[in-house]
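Hi,

Here is the structure I promised to pass on. Have a look, and then read on for what turned up in it.

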Amino acid sequence: MVVINLLQHHQVKHLLSFPPHHKNPSESLHRRLQDSDNFFKNSRRKTRFKVLKAKAIMSLFPQNPVLNDITATVISSGVALFCLQFWGEIAKRRIIQDKIFIRKCVHINIGLVFILMWPIFSYRRQAAFFAAFVPGVNILRMLVLGLGLMKDESMVKSMSRSGDYRELLKGPLYYASTITLACAVYWRTSPIGIAVICNLCAGDGVADIVGRRFGKKKLPHNRNKSYAGSIAMAIAGFLASVGYMRYFSQFGFLQESPGLVLGFLIVSLASTLVESLPISTQIDDNLTVPLTAALVGSLVL
């Protein structure tokens with residue numbers, strides 16, 4: 001913006017200066033106005049070309065958006081399934097003994113990896129529903145496993161605290177539902193969707209890991225939460241949000257700005273505050289954190 005203002009100022013000074021020997025100042029002014037207009041049009045065209053070029057690189061089949069979205073859905077589903085199976089095998093083979101740590105790694109990993117795949121979908125609005133199908137399948141999986149209709153030992157161990165399959169009907173189900181709704185409703189052009197997913201995945205996930213290891217000093221209003229965990233949540237949620245803002249801005253979905261960065265900071269602080277309250281112990285934080293992020297985000301983003 002500063003560069004554009006300087007260029008505009010330079011153009012105006014140039015337009016108002018006429019050579020002393022010029023016989024028709026009005027004709028010169030008209031010519032220079034045309035040159036100035038062409039200059040800014042060309043600048044805008046170059047910027048738009050860069051955005052379109054970035055979009056074309058990520059699109060799998062630019063000429064066939066339906067085929068592109070189907071292919072992107074298959075690829076995204078494969079990546080999500082690989083991540084789930086990877087952590088499931090880690091838990092099943094007891095490569096890492098700490099089950100809670102594995103569960104939180106799944107919590108952080110799945111959502112953040114999933115939104116990395118969003119740019120490969122087409123530029124139709126319907127692409128959001130194709131993408132939402134990926135976490136939507138996990139909603140069905142959580143229901144089937146949580147109701148005991150199907151057994152998957154490695155999946156249950158990697159996504160539950162105690163190894164009880166019925167736990168999947170709580171936190172994991174809320175988690176999958178949140179990401180599905182954030183994808184379908186906000187999609188990649190809304191910073192609110194980024195704030196919701198980043199504070200849920202990175203913020204809440206890192207808070208638990210840090211809090212369990214370094215959280216000796218507890219919060220005065222909630223002895224189940226620590227200063228270390230809350231600080232880690234605010235920082236992780238904020239940095240992840242800013243990182244994905246920069247990521248999506250490379251494809252023209254968002255425009256970076258200091259105001260947006262400040263908005264992400266406010267959302268992360270608000271989400272951290274609500275997560276630290278006793279109500280988050282009674283109501284699953286996979287619900288309270290994204291609801292807070294969406295509400296505050298709608299006001300500041």
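Helices here are DSSP runs of H or I with at least four residues, and strands are E runs of at least two, numbered from the N terminus. Residues are numbered from 1 along each chain as its sequence is written. Bear in mind that this is a predicted model, where local features need pLDDT of at least 70 and side-chain atom pairs count only at pLDDT 80 or more, while totals for chains, interfaces and linings use all residues, and side-chain values use heavy atoms, with hydrogens and water left out.

Let's start with Ser-230, which sits in helix 9 (residues 227–249). Ser-230 is buried at 10% relative accessible area (buried is under 20%, exposed over 50%, partly exposed in between, with a 1.4 Å probe and protein chains only). Leaving aside residues up to four places away in sequence, Ser-230 touches Leu-219, Thr-272 and Ser-276 (contact means heavy atoms within 4.5 Å).

Finally, helix 10 (258–276). Leu-265 is found in helix 10 and is partly exposed, with a relative accessible area of 33%.

Cheers
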